[in-house]
Amino acid sequence: MSHGTVRVRHQEPAVLRITLNRPERGNTVDSALIADLHEALDGAEKADDCRLVVLDSPGGTFCNGMDMGEAAGDNRTGAGHGRDAERGADSGSAFLGLLRRLTEVPRMTLACVDGRVAGGGVGLAAACDLVHTTPRGVFSLPEALWGLLPCSVLPFLARRTGAHTAGTMTLTTLPLTAQEAVHRGLADELSPDAGPLVRRLLSRLTKIDARMIGEAKGYLAALHPVTAETERRAVTEFARLAAAPGVREGMARYAAEGRYPWER
């Protein structure tokens, strides 16, 4: 079943596989992808026998983060500073809501990263219960290069890796190799194929009541909560940064011409 930006397949009785399906655009995060992922997660919740949701992507890119074209859309149509801030708040809130949904959905979630994952894509992985990476995995937060910060990503990344790794990835923008990601807790397993991990998980998950997955995730989230105040701050900060002079112009230029902000 195709949802436009993703392919959704029921594999075996207990697995729902969601494949990001716009490799030509680097599987970037936009409003369509957010809506399609919510719809796919709805399907996982409605399937009583589903225990595991696998999020993956073929082609060497898991997700390149924010869709620059959509994010810069209002700037290209001449909208003012106030509307830019409003749009930044809307997009930040929608993406943060998706990350929260991944942490709350009463199914185990597994992100399978084979290749590049950047920005918001790191958020998608970090919000999942488990992350598998192949040796090709490369994890980065390049937002500061654009005058932005990974505001929606950081609450979920810091909960997974701790503040130090989240901070150094943000400040340096340097990528982590697959091995480094495992060492720092961003990924849980490194191997050429996620299949054996999926089979090990199913050998246990199919023996427990699906209700217990939701119970466990709810309790664990309560131990290390992403609070409403944290969410509000993330959305507000992203909107403020995105509305700063030159930021949307730089994103629009990259979307149209592939030029980075420092390339005049």
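Student: How many bridges link β5 and strand β7 (residues 130-133), and in which sense do they pair?
Tutor: This is a predicted model, in which local features need pLDDT of at least 70 and side-chain atom pairs count only at pLDDT 80 or more, while totals for chains, interfaces and linings use all residues. Residues are numbered from 1 along each chain as its sequence is written, and side-chain values use heavy atoms, leaving out hydrogens and water. Strands are DSSP runs (E, at least two residues; helices are H or I, at least four), numbered from the N terminus, and two of them pair if DSSP finds at least two bridges between them. For β5 and β7 there are four bridges, and the sense is parallel.

Student: Which residue of β7 stands opposite Leu 110?
Tutor: β7 covers residues 130-133. The residue there that stands opposite Leu 110 is Leu 130.

Student: Which residue in β5 is the bridge partner of Leu 55?
Tutor: Strand β3 (residues 52-56) runs parallel to β5, joined by four bridges. Within β5, the partner of Leu 55 is Ala 111.

Student: How many residues of β5 are buried?
Tutor: Buried means under 20% relative accessible area (1.4 Å probe, protein chains only). Strand β5, residues 108-113, is mostly covered, and of its six residues the number buried is five.

Student: Which element supplies the largest share of the lining of the largest pocket?
Tutor: A pocket is an open set of points on a 1 Å grid where a 1.4 Å probe fits, with protein on both sides within 12 Å along at least five of seven lines, and lining residues have an atom within 4 Å of a point. The largest pocket has 46 lining residues, with Asn 64 and Gly 65 among those nearest its centre. The largest share, eight residues, comes from α4.

Definitions and conventions: Buried means under 20% relative accessible area, exposed over 50%, partly exposed in between (1.4 Å probe, protein chains only).
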